[in-house]
Amino acid sequence: MAGNAHADLAKILGNLAVEMQDHADGESTLQSIVDGAVAIVPGARWAGISLIEGRKVTPRVPSDPLVAVLDGLQSSLDEGPCLDALRDHHTVHIDDMSMEPRWPRFTAAAVEHGVRSSLSFQLFVTSKNLGSLNLYGEEPGVFDEESALVGELLAQHASVALVGAAGMTQLRDALVTRDIISQAKGLLMHRENLTGEAAFQLLVKTSQNANIKLVDIARWVIEQHLAGMRR
């Protein structure tokens, strides 16, 4: 790549990284990653992300329904380039699906759907394996060294953005839970003439005895209070 091309790529990746940071939830972050991959990786016609959820690999935010079919097929067949990228921690390149011997059932299905080449990148941060970014081309040989370089850089940005989005979501959920419990505790303090500690212990014991999550008990206390105000 020439110097100007490198500068342009750095600018595009930088802008995309900023855009990813603007997304507060994981789903919109994933969509931004996929859109960026189709836009800037040479040869990419379609893109999608497969996430690890427990022991299951789940396709998410495909750029086209075709991608969901191919990503889902790899999971159901337990074979394919995205699974190798996940399990072996490396980039997997298929130059021509019709000539690829490693995953015969998957590649045959891909050719039938008009997909002839692919690139799969593992998404990870340190030891945390998140999933894979999967790119597909409609002709053989469309992915070259530049495609691999740009894709790997994008995958690195995407991995960091995914962890950040997950952290923000967990933080937001924790703050909402805290506020609900605090509100319920305040209502019990006023209604039952309890101290803050006693009100919290009442919520905890009720949660344990009823086998219901603490935040759900707190939400019920608030709903009961609001219902009484409306009578």
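## Ground rules

Residues count from 1 along each chain as its sequence is written. The model is predicted, so local features need pLDDT of at least 70 and side-chain atom pairs count only at pLDDT 80 or more, while totals for chains, interfaces and linings use all residues, and side-chain values use heavy atoms, leaving out hydrogens and water.

Let's start with helix α5, residues 104–112. (Helices are DSSP runs of H or I, at least four residues, numbered from the N terminus.) Its buried residues are F106, T107, A109 and A110; buried means under 20% relative accessible area, exposed over 50%, and partly exposed in between, with a 1.4 Å probe and protein chains only. Looking down the axis of α5, these buried residues fall within an arc of 160 degrees, so they line one face of the helix. (The arc uses directions from the helix axis to the C-beta atoms.)

Over on the other side of α5, P104 and E112 are exposed. Just past α5, G114 has a positive phi of about 85 degrees.

## How α3 meets α5

Helix α3 (residues 65–77) packs on α5 at about 160 degrees, with the axes 10 Å apart. (Axes are lines fitted to C-alpha atoms over the stretch in contact, and angles run from 0 to 180 degrees between N-to-C directions.) That makes α3 roughly antiparallel to α5, a label for angles over 145 degrees.

Who touches whom? From α3 it's L70, L73, Q74 and L77, and from α5 it's R105, F106, A109 and A110, where contact means heavy atoms within 4.5 Å.

## A look at D216

D216 sits in helix α8, residues 214–230. At 34% relative accessibility, D216 counts as partly exposed. Its C-alpha atom is 9.3 Å from that of T177, although D216 and T177 are 39 residues apart along the chain.

Terms used. Helix = DSSP H or I, 4+ residues; strand = E, 2+ residues; numbered from the N terminus. Parallel < 35°, antiparallel > 145°, perpendicular 65-115°, else oblique.
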